[in-house]
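Hi,

Here is the structure I said I would pass on. Have a look, and my notes follow below.

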Amino acid sequence: MERVCQTCLHHCKLRPGQWGLCRARKNDGGEIVCGNYGRVSSLALDPIEKKPLNRFYPGSKILSVGSFGCNLRCPFCQNHEISMVGPDLSEDNYLSPDTLTSIAADCKDKGNIGVAFTYNEPLVGWEYVFDTAKLVKDAGMKNVLVTNGTASPEVLKKLLLYIDAMNIDLKGFRKEYYQKLGGSLTAVKEFIVQAASDCHVELTTLIVPEENDGISEMEEAAAWIASVNREIPLHVSRFFPRYQMGKAEATSVKSVYDLAETAGKYLKYVYTGNC
């Protein structure tokens, strides 16, 4: 029987055995399931600033975990080797929520404060995030989510019970640009507002030349962020050629600093990245 996945804005209609656009969710006998549950493709103890989170336990480390799959199609994806592949091409190992929590606890003596769900889009496998985050919280540690912010409000509401901090991609501030990436600016804005009301939130905008590098667009974005909370940190990050944009030019350092200066007229905390 055909079913509709309710995890994100795409609402994929899936026949039995069919995988969704994200390549991580499927119709299994008439039920939509998380096909990448516990399938870990990447695991590393990172500085918290690498997420990037500059105002959440600075100087600490966090155990970062990723799987495979994503519900956007950004041609500049920095982690396309795992986010843009499906179950057949993914190189991963199974880690149960209990096992991952135990690994995180064992890393406390190395400065670890918890678990960050990152690398691919973690919310296409939100059930694993939910189950693990609850155990991590019960163990007295922190949960961090690095996301494109396109999950449904219902999914976000469930996760906010256990998530302490997020870095959310705000890829630009034009509807047309988001449509080009397979997303929705409206959905991301609603996600940011909902998340910022319940946990620590920082935002990242990757500046891609001739795509989202206009001063007026940054002014509009920063003004909107300030209307939510001017203390939400914004990371203005430099693009380097990757994935389908391997032959593009890297963003100039001057452009990144100019845009950061513009954002700083509205926001209390603005950081530059990859410069």
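Predicted model: local features only at pLDDT ≥ 70, side-chain atom pairs only at ≥ 80, totals over all residues.

In which sense do strand 11 and strand 12 pair, and over how many bridges? Strand 11 (residues 165-169) and strand 12 are parallel, with five bridges; pairing here takes at least two DSSP bridges between the strands, and strands are DSSP E runs of at least two residues, helices H or I runs of at least four, numbered from the N terminus.

Residues are numbered from 1 along each chain as its sequence is written, and side-chain values use heavy atoms, without hydrogens and water.

Back to strand 12 (residues 200-207): seven of its eight residues are buried (under 20% relative accessible area, 1.4 Å probe, protein chains only). On one side, His-200 stands opposite Ala-165. Strand 12 also runs parallel to strand 13 (residues 234-238), again through five bridges, and there Leu-203 has Leu-234 as its bridge partner. With helix 7 (residues 215-229) between them in the unit's path, strands 12 and 13 form a right-handed β-α-β unit (clockwise from first strand over the helix to the second, strands pointing away from the viewer).

Then there are the cavities (sets of 1 Å grid points where a 1.4 Å probe fits but cannot get out; lining residues have an atom within 4 Å of a point). Three reach 30 Å³ or more. The largest holds about 120 Å³ and has 14 lining residues, with Tyr-128 and Asn-120 among those nearest its centre.

Cheers

How values were computed:
Buried < 20%, exposed > 50% of the residue type's maximum accessible area, 1.4 Å probe, protein only. 1 Å grid on protein atoms, 1.4 Å probe; cavity = no way out; pocket = protein on both sides within 12 Å on 5 of 7 lines; lining within 4 Å. Points joined across faces, edges and corners; volume = space filled by probe spheres on them.
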